[in-house]
Amino acid sequence: GGLVRGVGPSTPTVTNANGASQSDLPYHFHTGPVRALFAMAEVQKQGDAKYGAGNWRGIPIDEHVNHALAHLLAWVAGDLSDAHLTHALCRVAYAVEGEIDQKEGTPDDDLGD
């Protein structure tokens, strides 16, 4: 398999009402929260500048969850000093990526380095 499930030459195809065929992606990016993803990428850029790109990969999943909870609770408490929901979103994404890494291997494992 490839690095990303459902994207590649072995992906099944689907034919639409116009008779045109394409890969049958298992994703619906076009219906998701696009502005939230942009906000997450902005926080990611800030984190890359502050800690170094990819630094989050060296942090255990439980610590990402702890920081996500701290940001959520700060938001619940009414703290306006940071983009707490976006930071929580990033930390949850890092935790999910860590779980995928544990299950499927890290992306570097597939690069043949």
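What covers the buried residues of H3? Hi everyone, let me take that as my way in. The cover includes helix H1 (34-51) and H2, where contact means heavy atoms within 4.5 Å. Helices here are DSSP runs of H or I with at least four residues, strands are runs of E with at least two, and both are numbered from the N terminus.

Before we go on, a word about what we are looking at. This is a predicted model, in which local features need pLDDT of at least 70 and side-chain atom pairs count only at pLDDT 80 or more, while totals for chains, interfaces and linings use all residues. Residues are numbered from 1 along each chain as its sequence is written, and side-chain values use heavy atoms, with hydrogens and water left out.

pLDDT is the predictor's confidence in each residue, from 0 to 100. For this protein the mean is 92, and 93% of the residues reach 70 or more. Confidence is lowest in strand S2 (residues 21-23), with a mean of 95, and highest in H2, at 98.

Now, back to H3. This helix has 21 residues and reaches 30 Å from its first C-alpha to its last, close to the 30 Å expected at 1.5 Å a residue; the expected span is 1.5 Å times one less than the number of residues. Buried residues of H3 include His84, Cys90, Tyr94, Gly98 and Asp101. Buried means under 20% relative accessible area, exposed means over 50%, and partly exposed is in between (1.4 Å probe, protein chains only). Just after H3 comes Gly105, with a positive phi of about 100°.

Next, the charged side chains. How many salt bridges does a search of the whole structure find? It finds 2, and a salt bridge here is a side-chain nitrogen of Lys or Arg within 4 Å of a carboxyl oxygen of Asp or Glu. In one of them, the side chains of Arg57 and Glu97 meet at 3.2 Å, N to O. Arg57 sits in the loop between H1 and H2 and Glu97 in helix H3, so this pair ties together parts 40 residues apart in sequence.

Arg57 also forms a salt bridge with Asp101, at 2.7 Å, N to O. Asp101 is in helix H3 as well, so here the parts tied together are 44 residues apart in sequence. Through shared partners, the salt bridges join Arg57, Glu97 and Asp101 into one network.

Are these residues buried or partly exposed? Arg57 is partly exposed at 40% relative accessibility, and Glu97 is partly exposed at 25%. Asp101, at 15%, is buried.

The loop between H1 and H2 also holds Pro60, which is partly exposed at 38% relative accessibility. Pro60 and Asp101 are 41 residues apart along the chain, and their C-alpha atoms are separated by 12 Å.

Last stop: the surface. Val65, Leu69, Leu72, Leu73, Trp75, Val76 and Leu85 form a nonpolar patch with about 670 Å² of accessible area together. Patches are made of residues with over 30% relative accessible area and no salt bridge, joining like charges within 9 Å and nonpolar side chains (Val, Leu, Ile, Met, Phe, Trp, Tyr) within 5 Å. The areas come from the Shrake-Rupley method with a 1.4 Å probe, and for residues only the protein chains shown count as cover.

Which helix gives the most to this patch? That is H2 (residues 61-76), with 6 residues. Leu85 belongs to helix H3 (residues 84-104), and at 41% relative accessibility Leu85 counts as partly exposed.
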